[in-house]
Structures are given as C-alpha cells and as structure tokens.
Amino acid sequence: MSILVLAEHDNASLKAATLHAVTAAQKIGGEIHILVAGSGAQGAADAAAKVAGVAKVLLADDAAYAHALAENVAKLIVGLAGSYSHILSAATVNGKNILPRAAALLDVQQISEISAVDSPDTFTRPTYAGNALTTVQSSDKIKVITVRATAFDAAAAEGGSAAVDKVAGAGDAGLSKFLGQEVQKTERPELTSARIVVSGGRGMQSGENFKMLEEVADKLGAAVGASRAAVDAGFVPNDYQVGQTGKIVAPELYVAVGISGAIQHLAGMKDSKVIVAINKDEDAPIFQVADYGLVADLFQAVPELNKELGK
Amino acid sequence: MKVLVAVKRVIDANVKVRVKADGTGVETQNVKMSMNPFCEIATEEAVRLKEAGKATEIVAVSLGNAQCAETIRTALAMGADRGIHVQTDVELQPLAVAKLLKAVVDKEQPGLVILGKQAIDDDANQTGQMLSALLGWPQATYASKLVINDNGTANVTREVDGGLETVEVKTPFVMTTDLRLNEPRYASLPNIMKAKKKPIDALTPEQLGVDPAPRLKTLKVTEPPKRQAGIKVGSVAELVDKLKNEAKVI
C-alpha cells in the first residue's frame, strides 16, 4: 500500500499544510510519496525530500504546473494514481480545487477534510459547519482524501532523506490560462498556521479600527483574522475570513474581538486551545465557547490590552 | 448562451442542527429547509447574466426527494426560466450528483454551469470540480467575479489562499460561487406567483442512465466534543494575568 501526498508549495519551499497531510498519511500507514507539481520547483522538491517519513518525492516540473491549474494537475495525478491506494492533499484552496477533479476522473467518491483516520478505509470528518462528526467507510479502490490540517500535527520538516524522481507530466490541457494574481502582503504569520490569532468582527466598525488589533497581534506575534461580517463590510480582505467557508484555524490562543459567534464562524475556530472573547453584549453566543470572556467595549478594552501586553 | 444552475435543498443556515440519538444522522424532521446559500449566489449570477444580455435561458436543476421542487420554485422566482427535478430518494453523494448533472448537461447543452462552492450540510466542496472533470470542461472555482468575453472565453477572479487570482477559461465551463460574487435578491411576491406557472420537468436517475448508489457508507454521526464552560473576567489586567499564569499561552 502506497500513499501519494500532493504538495502545497510555492516552487521554492514547501507549505506547512503539506506536513500535516503527511502525518495523516502516516496514520493510514504505508509508503509515503510526495508529488511536487510546479515550474522551477526543485527547491520545493528538495524540501519535501527532507520531511521525516517520506520515502520518495516525485517532481513534475513543467510550465503547465506553474499556477496549479486543476485541469493540468488533476490529469497528472490520474496518470500516477495506478500505483497508489490513497491520494491525499491538505484541504487548502489548491487541494480542494484539484483533488475532486482527479477523484471524478478516477471514478472515486472523495472524502473531504478528514479530521481523523479510523482505519485505512474509514475516516471521520466534520459536517454541518462542524456541528456533527460523520464517520464514513469508503468502498472505492483508491481513496482520494483532503486533510483538515488543524486536526493533525505537522510532520518533522527535517530528518528524512528521500530520493527525488522526475516524472513526466501530460502537459497543458489547454482549457484554462492563469492571467494574474493579487496577493495580500503581510509580515505577520500565516493565519492557518499561527500560534495565536486575533480576530475582529462587525463590532470593529471600520477597517481603520483594525489597526488596534494589528498592534495587539504584533505584540503577541499573532496572525489577524476576521468574521464574515467584517469581510463583507470591507474592513479587511476576504482571505482573513475564519469560518465554515473561510479558513479553519486551531491556534493555541484565539482572541475574538467584537465577534458575536455565529455557527458559521465557530466552525472555523472552535478547536482552538484557548478562546478569549471581548464583546460588550454579554449574551453573545461567543461567550458559550470562550474560556475567558470579557464583557467590555472593545474600544476601551483593546487599547488597554495593548498597553498591558507592553508592560 | 444557455446557463444551467444547480441548486440544493439543505437545512437552513441559521438552524442549530441536532445529531440524532441513535447516531444515524442529524434531525431533519420539522426542521426549516432552504436553498443552500451558495446556490442562491449561483442563481443570482445567472439571472444577472440574463439581465446583461449574456444569457438567453436559465435552467435550474435540483436532485433529490419530492420537496426539492420547492427549491427549484425559489430559483424560478428569482428569475430562472424553467426547472429540472431529478427525483430520487437515494442518499446522493457528490460523485453521483456530478454524474446526474453531466447527463442533464448532455441533454441541455448549456454554455455555462454554475454551482455553489459547497453545500453547508455535507461541506464536501466537490460537485463542481467533479462535474467539469466528467465533462472535460475547464473549471473556475471559488469565483468572486465573472466576465464573459466575446471570443468564447471568460475571465474569472477566484478567491485563493493569500488573495485573488484571475484565470481565463474556454466556454463551455463550470463555475462555482464564493460568497463575494454577488448579493442574492429576494424573490418578490408577484415573482413567486409567476414562478408557479413556470415548467419543471421531472426525470429519474434511471432515465438519465446513472446509478446514484452511495460509495461512502456512513457508519455513525456523533456530536463534536463540548467545550468546558469558561469564566468571565472583570478586567483586561485580569485577562492578561490569566492568559500568562493560568492558561500559559502568552
């Protein structure tokens, strides 16, 4: 039994999400191979070869894979699939975009965002915005799975010494073309892998006021997140959104400021180790999941918190 | 260009779902059901394309039990022209839905199929990708902006980790909607009345030549572990003290 893990990378380096997917693969059991599909991706492949527990790295280096277009990468995966019992990816935007396409081409019912491995064919995953845990058994020959990164520890990024094999891809499917991107520049840690996350909601009232949270975040070395309400109101960009339809985080400390705690937001953060809520409405649902709640006006509490942390 | 919109009937987004005591699923009896929010956005986008003169006809399709007809009526009230209801009481998983939709697409020959990015019940986020794979069409997932070009292509801006990305896809293609694509309209009462006269064709998986049997067997459904009740602190100083000395997270 061999397992293929699709790497999440930026050609030069491996993204942390891949390390969590490797841990899920270890729980399934079997020889683990990592597929690095990219353009000029030797750096990412070398990093993948060092991951503890990885037996082999497959590097598909081709201009067709430069921007992880699903049409091209799914075809590549299908070409390799015959040697594998499981095909995994972290449930990042790329993984969620590519894997179902590969699964359908293989005539397999994918299992999305698993949070636990019960056996090589049985997995548990959250459904209904995390309000139910569903355990499913797959009868498909190849199991195609995306992994909820926050539910599995990261595999050690050093200690392995896998061989890097070049594999030829099927090239460009000619269906789609990458035109451009707008990347949010930030010096702070990545939201999904940050140890501490400070999030603001509608209560922040404006994008300008998020500066207060950023100051606190910088003191804590934290990432900044937001509720859907704050994103929809245009306070912060979309990729700050934490929740069922945004990013799923499980940091050691999650500070929710001016967030009421709708089901859809809780779905993205309720596995955090410690949750702090600052809200002036003492009946806000967020207090039901918060370990420490402070009923206060955030416009007083946040600057005070900033001052207190600076002591 | 004909546009096909796939809509799903789900437990309303504001309902706090309850897991059944016997662990077979969640309680759906006497629970408010609605159109999946991402499917509303998909329907809205199709209607806007028609209003802009880019779409000629909008066909709303839903798959499932008899009540799914209500969901199709909602799409018709929003502006879809006619409906297709693939009737089955079998539990449908995304691969089966994609196969059934492919059969409908083969019959209808639309230039664009719009789906939501995920259904808020199973949270699978697969059907659009699977459908485009089966059709051999390009896919534009997590769309926050759609521009149909005159040369048989479309530019779609996608919400990705870290920002936005724009791709050009050849038509026909499959698009899935993200939250920011648009704000769905409410169906007005006159439009709800008019929607009752619009046709809905009924089909079965047998007629479409698709076996919809589930590939994943649900062994059990449980409630997630409950969090321990927390405490309320009286001041910011107390909060910081607790985080430093009790929780030891800062």
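This is a predicted model: local features need pLDDT of at least 70, side-chain atom pairs count only at pLDDT 80 or more; totals for chains, interfaces and linings use all residues.

**Where the pieces touch**

Mentor: Let's begin with a stretch of chain A. The UniProt record, an unreviewed entry, labels residues 3-182 of chain A "domain: Electron transfer flavoprotein alpha/beta-subunit N-terminal".

Now to the contact between the chains. Chain B brings 77 residues to it and chain A brings 83 residues. For chain B and chain A, the buried area is about 6,800 Å², and carbon and sulfur atoms account for 53% of it.

What kinds of pairs cross this boundary? There are 52 residue pairs in polar contact between chain B and chain A, counting pairs with both residues at pLDDT 80 or more. Six salt bridges also span the interface of chain B and chain A. One you can look for on your screen joins Arg215(B) to Asp140(A), where the closest N and O atoms are 2.7 Å apart.

Next, trace which elements of chain B build its side. Several of them supply at least two residues each to the side that touches chain A, including helix 3 (94-108), strand 7 (139-148), strand 12 (216-222) and helix 7 (236-246) of chain B. Strand 9 of chain B provides the largest share, with eight residues. Sorted by class, the side of chain B that touches chain A has 37 nonpolar, 19 polar and 21 charged residues.

Pro172(B) sits in the loop between strand 9 and strand 10 (173-177) of chain B. The peptide bond from Thr171(B) to Pro172(B) is cis, and its omega is near -5 degrees. Most peptide bonds are trans, and most residues other than glycine have a negative phi. Asn30(B) is not a glycine, yet its phi is positive, about 55 degrees. You will find Asn30(B) in the loop between strand 2 (9-11) and strand 3 (33-35) of chain B.

There is also a contact inside chain A itself. The domain assignment divides chain A into domain 1 (2-166) and domain 2 (196-309). Six residues of domain 1 of chain A and seven residues of domain 2 of chain A take part in their contact. The C-alpha centres of the two domains of chain A are 31 Å apart. About 570 Å² is buried between domain 1 and domain 2 of chain A, with 52% of that area from carbon and sulfur atoms. On the domain 1 side, Ala129(A), Arg148(A) and Thr150(A) lose the most area to domain 2, together 74% of what that side buries. One residue pair, both at pLDDT 80 or more, is in polar contact across the interface of these domains of chain A, and the number of salt bridges between them is zero.

Finally, visit Asn209(A), in the loop between strand 12 (196-200) and helix 5 (210-220) of chain A. Setting aside neighbours within four places in sequence, Asn209(A) is in contact with Met204(A) and Phe299(A). Leu305(A) is 96 residues from Asn209(A) in sequence, and their C-alpha atoms are 15 Å apart in space.

Note on methods. Residues are numbered from 1 along each chain as its sequence is written. Chains are lettered from A and ligands numbered from 1 in the order in which they are written. Side-chain values use heavy atoms; hydrogens and water are left out. Domain bounds come from an automatic or database domain assignment. Contact means heavy atoms within 4.5 Å. Buried area is the accessible area (1.4 Å probe) that two parts lose on being put together, summed over both. A salt bridge is a side-chain nitrogen of Lys or Arg within 4 Å of a carboxyl oxygen of Asp or Glu. A polar contact is a pair of N or O atoms within 3.5 Å; within protein, one must be able to donate a hydrogen and the other to accept it, and residues adjacent in sequence count only if both atoms are side-chain atoms. UniProt positions are given in the numbering used here, feature names are shortened, and annotations may be inferred rather than shown by experiment. Helices (H or I, at least four residues) and strands (E, at least two) are DSSP runs, numbered from the N terminus. Ala, Val, Leu, Ile, Met, Phe, Trp, Tyr, Cys and Pro count as nonpolar, Asp, Glu, Lys and Arg as charged, and the others, Gly among them, as polar.
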